[in-house]
Amino acid sequence: MTENNSYIKSAVVKSEYNNTAVCTMLNAVVTFLISFGVLQQLVTVTKADCSQVILALATVVVSFVMFVVGKYPKFKIAFYLLPVAVAGAMLVMVNVNIVNVFSNTVNGLLNTVGECFGVIMPQLQCSETSAVESTLFFTAVSSVLVLLNAMCFNKNIAVLPAALAVAAVLFSAFVQGVNAISAVLVFSAMVLILYKGRLCNAAAVGKSNSVWNKAATFAPMVFFTVAVIVVGGVGFLNASTEGLKVNIQSSVDDILYGNTASMPQGRLDNAQSYKPTDKPMLKVVMSNPQSYYLRGFVGGTYNGNSWQQPENKQLYKSADLFYWLHKNDFYGYNQLSVLSKQLNKNGSENRIIINNVGASTQYMYTPYELDSCSYDAVNKNKIADTAPVISGFLGQRSYTYTAVDNQVKQYTNLLAGLYNNDIDDKAAVDGYMNIESHYSDYVYENYLYIPQKAKTTLEGMLGSYKSSEKHLQYSTAKQSILNVLSSSMEYSTEPDKGSSADFATAFLQETHQGYSVHFATAATLMLRYYGIPARYVEGYLITPNDVKNTLSNSEIAIDDTHSHAWAEYYLDGVGWIPFETTPPYINVMESAEDISPSNSNDNSVSNNSSSKQDSPTEGYEQEPDDDSLLQRNSDFINIIIYLLLGIALLAVFAVVFILLKNRLKRKRLYASFNTEDNKTSAINSFGFCVYLLIRFKYINSERDIYSGDIIITKEYTEKFLQAFNIYQAARYSNHIVEQQQAEKVLELIDATVSCIKKKRSFIQRFYDVFIACIYK
Amino acid sequence: MPKMWIFSLVAVLLLTVTGIYAENGALIAVALFYVVFAVIQLIVCRLLPAKLEAKAVLPDTCNKSETVEGKIILTNNSKVYCGCVKIIARCTNLLTNTSSPLVATIFMGIKSKAEVPIKFNSRLCGAVKINIEKIQLYDILCLTRKTVYVPLESSAVTVLPQLYDISLAGLLTNSYDINGSQYDENMQGYDISEIYNLREYEKGDSPRNIHWKLSSKYNSLIVKEGSMPTENCTLIIFNNTVPENPDKISLLAEVMVSLSQVLIENGVVHTVVYLENSQPVFNCIENDLDLSAILPKLLRCEKTEEDIFNCVDDITDEYKSVLCFTEKVCTTEQVGIKFITTDSSENENCVVINKDTIDSLGCIEI
């Protein structure tokens, strides 16, 4: 069977509903919902300070007026001009500050992206903008959104703006977090679009549906919409989904990066037992084999049942600080190496190659002595506090970095060197101390938090701690912690699970059993209790036994039995130092001081609570002035601007080129109508007329001109038939075509164009004549 | 309705993601309920099948290129709520074997009726029939779908062929049986062996027609008028197998009907034969009513491997004039048959017709 619509055409008669008032109002409502929903999300993402009421009112007014006015053919042009006029008026009112408002909006967006991905984003130079200016700007944006939506409705592609709105809301949810109101608005719009189809068909159906049927049709959707609005606004049943996002994220991470089964990666609920296998996890090649702690997962926030890495949002609050720190090549994860190199210029460098064969590829396993790493695998703009953040969708399997000699076992020397006035480059060290003091403030601000339940437990175990000093002496604190954990807790690879919801409380008060995860968690919280910033770390140990008799550049296989969890604390001036509290591991790795569970002596570590320098020092940039924010203009934003300008310029050139080409084509075409050869002129002219008739749908194909059914007006038909005969004679016979006959055919062109123009709107005519250059 | 299915799925996804990111369990619950409701409706539909009836209301005839309006009436006789119903139908011209799809979406409740106004326009003649290929039932949220097959009660719409002027040079005389004994009571003819009427001589009458006996009796010239013999001597074969070119089969049908009409006007009783259910069907055409009666069945193509020439081979000898309207000329030797075809042929027994020639000449010579 041939499906060819030139032989037979069939269609369902379109309902007249589309022209009714109800349909118009419905279109206006849906337009408002989608536009305002997207606008809400834009305002949230750009952190703009606007009046929501005014934005809502403006969107409503523009939506409704557009659709009401658009129903009248005479005012159809107003349908498009109104939102453009409103947008223009708003922008004029903002006046010269429009660039400032736009820059602030862009900065807000960049900050949101930076918060999401933890990347230092550049900022445009601008001053603060007022709420009024922001409101005016976003009113203009809402007008544009309304116009785009309305145009899609007019072309019966209502699904497109709804789909784009959903995509925008979902993307914003990922980046910023969802604005429930915008989600509800977009959802309501989608429901109404679904029902618009129903209502449009209802007119075609007629009176055949009873009241009950109509109620049954509308009831479910009314229920859903009301339910969504209510629960979206009220927000009950939150508790049941708490942690769902985290669990989903964890599952996705496990799939992407792999999972080290023996270590919970901060998810303490999964810490049921420790059963490592012999499966190799890392293959390490060192130019100077030494023992190191290889850090992987670092948990900074404890919430009772998990340790979480410092959140991007949290890190981004200190973006300015990190920008300045990174500019001065200061990173929290390589402090030891920086200090070591400053104090000992002749130190050796250890080149380390890691081949990740079984561990999670999400983390870069680096020692405390990390010096530098290949930045091909590392995102340098990332705000990284714990370790270099590696790039790549599936992480990295292989990377190289350099480290200095093991400083963990001799960090006391570093501390001594800091306060030694006889060192060679005192100025450099002082400069380092200046910068470190700011980082130290950040550390004390972010790594001391203990949840109340755990705090109560610790108070019971360690006694109430109050001190006028910043924190308890390091040695005293560490000795106390070791004593408590060693005497009261038992090491077990399959500990019981306590009933308390708080992991630390269950370990310390109920089960008294655990393995490295338990001990590290407890030690971290106890250090924090004593006022010492501390974090929970999971990683691998390269023990002295592993490197004993190992040749330089030979491969060391680190299997799952080397996986371990420990606590690390921040030693003022020096940096992060690991603190081992798990009984079987206490003497495995080398340490600087001789602190054991029974040894309470050691006063060599002094409490350096005031290590800040007040005056700036040579070799380092001046510390940031708190009163003024540094503007992070960088080449990056300039490149983006140039790129956008380049694309815009190319687009303009392309448009101009196409317009000129069209004009030239039309000029040549019209020239072919006025040739000396009357026959050619007649043939070309008539052909052009037929082309116009087909293009503007007066006929379907050339065959229709033979059927004689072209009836536009009586006069036109007569002219057409005359011209047709002349064309036939010119084309198929040897008859001479007179000048008059050729002119008759030319007159047909004018008649055709004038008939076409009568049916086209102003904008369509403008497009036909000046853009597509179809006719003159 | 793929768009609506995606639409609803996106709505569910939006709610779910919103619920996860906002940690709002109720939104997730609403999204789940959304899906569960659709599944429940699907299960109910499967257990209690919808009793649907479909009927089409269309005119009996129309002209070529005329827009015909009608409606399909769908009735749900069951207590199952249908929700969204998608009717996938096809409008087919049975002669030219061309079709056009027809898709309509309606919402139906319990024990309700829905009317779908439709229209079609056929450029060629033939019998146009509307068939429902399938009906898809969706739940109210368009997430789940069930397909049912419902026959459509409808008759075909006959798109009347355009009539042309036919010049029957020589054909008419061969259309009469000289030895026949039946004559038309009402129509004058050519056969003077049977007198139809007597009248006075008028200038131009043939001397052969003068009734000398009566003329001598009445002392004026009396002329006899011949009668029209009505023996059925003409066979018209219409080869209505599946056509290669819709325009050509349509043109052949129109010429054939035009010929039949001219023969009727000339009082020539003739037989029209065409294939129906792979068998040749013979119809005696004496007047317009006979022709109108066979048109709906005539203007359909037959999907068969049977060759109509084989079917009528034995019978053609019984007729004085045999005309065959065919798209392709028969390859085997057919004596005594004149072919009217749209294919170019050098066979002297073939009359080749095409639209351009007809339009330029204004009539057809057979």
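Which residues have the most contacts inside the largest nonpolar core? In this predicted model, they are A:Ala522, A:Ala523, A:Met526, A:Leu527, A:Ala567 and A:Tyr569, within a core of 99 residues. The element that gives the most to this core is helix H18 of chain A (residues 516-529), which supplies nine residues. Residues of the core come both from domain 1 (16-205) and from domain 2 (257-269 + 282-585) of chain A, so the core lies between the two domains. Among the core residues, A:Leu527 may be taken as an example. Beyond its neighbours within four places in sequence, A:Leu527 is in contact with A:Ala477, A:Ile481, A:Ile532, A:Ala534, A:Ala567 and A:Tyr569. Another core, of 76 residues, lies apart from this one and includes B:Val273, B:Leu275, B:Leu299 and B:Ile337. In soluble globular proteins, nonpolar side chains tend to be buried together.

Chain A as a whole contains 25 helices and 15 strands. Buried residues make up 40% of its 776 residues. Of the contacts in chain A between residues at least 6 apart in sequence, 78% connect residues at least 24 apart.

Five strands of chain A form an open sheet in the order S8-S9-S7-S3-S13, with antiparallel pairing. A:Asn355 stands opposite A:Ser398 of S9(A). Helix H12 of chain A (residues 335-343) packs on this sheet and touches S8 and S9 of chain A. The direction of H12 makes about 40° with that of S9(A).

Strand pairing also links the two chains. Strand S2 of chain A (residues 8-12) runs antiparallel to strand S6 of chain B (residues 113-122), and five bridges join them. In this pairing, A:Val12 has B:Ile118 of S6(B) as its bridge partner. S6(B) also pairs in the antiparallel sense with strand S3 of chain B (residues 67-76), over nine bridges. There, B:Lys71 has B:Pro117 of S6(B) as its bridge partner.

Most residues other than glycine have a negative phi. A:Lys47, in the loop between helix H1 (21-46) and helix H2 (52-70) of chain A, has a positive phi near 55°. A:Lys47 is partly exposed, with 15 other C-beta atoms within 10 Å. A:Asn549 likewise has a positive phi, of about 60°, although it is not a glycine. The loop that holds A:Asn549 runs between helix H19 (544-547) and S13 of chain A. A:Asn549 counts as exposed because it has 6 C-beta neighbours inside 10 Å.

The mean pLDDT of chain A is 79, with 80% of its residues reaching 70 or more. Confidence in chain A is highest in H18(A), at 95, and lowest in strand S1 (residues 2-3), at a mean of 54. Residues 203-209 of chain A have pLDDT below 50, and this stretch has 17 contacts in the model beyond near neighbours in sequence. The pLDDT is also below 50 over residues 599-631 of chain A, a stretch with 59 such contacts.

Note on methods. Residues numbered from 1 in each chain as written. Chains lettered and ligands numbered in written order. Core = buried A, V, L, I, M, F, W, Y, C linked by C-beta atoms within 7 Å. Buried ≥ 20, exposed ≤ 12 C-beta atoms within 10 Å, placed from the backbone. Helix = DSSP H or I, 4+ residues; strand = E, 2+ residues; numbered from the N terminus. Domains from an automatic or database assignment. Contact = placed C-beta atoms within 7 Å. Pairing = 2+ DSSP bridges. Axes fitted to C-alpha atoms, helices over the stretch in contact; angles between N-to-C directions. pLDDT = per-residue confidence, 0-100.
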